[in-house]
Amino acid sequence: MGQPGLDFPGLGVGLAILRDGKLLLCKRMKAPEAGHWNIVGGKVDHMEPAEFAARREAEEETGLSIGSIRYLGMTEQLIEADRQHWVSLLYVSEDTTGEPLLTEPDKLSAIGWFDLDDLPQPLSVFTKTVLTYLR
């Protein structure tokens, strides 16, 4: 059947989590864009509403409880280096409780809050795109 993003365009979601003017970012360990800082997100499962997927992925990756979220826009990533193709819906939330934890150490090597004017490098294409919506 094939794999989304590799054998055919995949449908993904991303959630920009903001708190006190800071953006939560995770450092990826796997393709696409291993070693890059990224907002939380992942693929949408079959028959799963995208908004639910954004909340699920964020809670799985951070351990935070996610309250209300709102739609920002969409992006399409053609990541030549990893031969991946994703179309993703982007959301934002400033309604979270708890402290972020590194809950998926097999996928992410670091997690933290960063000032929008002082972000770590390198940033993923996905994160660069969400920043255009946030600014």
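Reader: Which element gives the most to the lining of the largest pocket?

Author: In this predicted model, the largest pocket holds about 700 Å³ of space. Its lining takes two or more residues from each of β1, β2, β4, α1 (50-62), β6 (70-79) and β7. The element that gives the most, with four residues, is β4.

Reader: Which residues are the closest to the centre of the largest pocket?

Author: The largest pocket has about 700 Å³ of space. It is lined by 30 residues, and the closest to its centre are Arg-28, Ala-31, Pro-32, Gly-41 and Gly-42.

Reader: How many residues of that lining are nonpolar, polar and charged?

Author: Glycine counts as polar in this division, which applies to Gly-41 and Gly-42, both part of the lining. The lining of the largest pocket divides into eight charged, nine polar and 13 nonpolar residues.

Reader: Is strand β1 mostly covered or mostly open?

Author: A residue counts as buried when its relative accessible area is under 20%. Strand β1 spans residues 10-19, and nine of these ten residues are buried, so by that cut-off the strand is mostly covered.

Reader: In which sense do β1 and β7 pair?

Author: Strand β7 covers residues 84-93 and is joined to β1 over eight bridges. Within this pairing, Leu-11 stands opposite Val-87 of β7. The sense of the pairing is parallel.

Reader: What is the bridge partner of Gly-12 in β4?

Author: Strand β4 (residues 40-43) pairs with β1 over four bridges, in the antiparallel sense. Gly-12 has as its bridge partner in β4 the residue Lys-43.

Reader: Which residue in the turn between β1 and β2 has a positive phi?

Author: Strand β2 (residues 22-28) runs antiparallel to β1, and two bridges join them. Leu-18 stands opposite Leu-23 of β2. The two strands form a hairpin with two residues between them, and the turn residue with a positive phi, about 50°, is Asp-20.

Reader: Is Ser-124 buried or exposed?

Author: Ser-124 is found in the loop between β9 (108-115) and α2 (125-134). Its relative accessible area is 1%. Because the cut-off for burial is under 20%, Ser-124 is buried.

Reader: Which residues is Ser-124 in contact with, leaving aside its neighbours within four places in sequence?

Author: Ser-124 lies in a loop and is buried. With those sequence neighbours left aside, the residues in contact with Ser-124 are Glu-33, His-36, Trp-37 and Asn-38.

Note on methods:
Residues numbered from 1 in each chain as written. Predicted model: local features only at pLDDT ≥ 70, side-chain atom pairs only at ≥ 80, totals over all residues. Heavy atoms only, no water. Buried < 20%, exposed > 50% of the residue type's maximum accessible area, 1.4 Å probe, protein only. Contact = heavy atoms within 4.5 Å. Pairing = 2+ DSSP bridges. 1 Å grid on protein atoms, 1.4 Å probe; cavity = no way out; pocket = protein on both sides within 12 Å on 5 of 7 lines; lining within 4 Å. Points joined across faces, edges and corners; volume = space filled by probe spheres on them.
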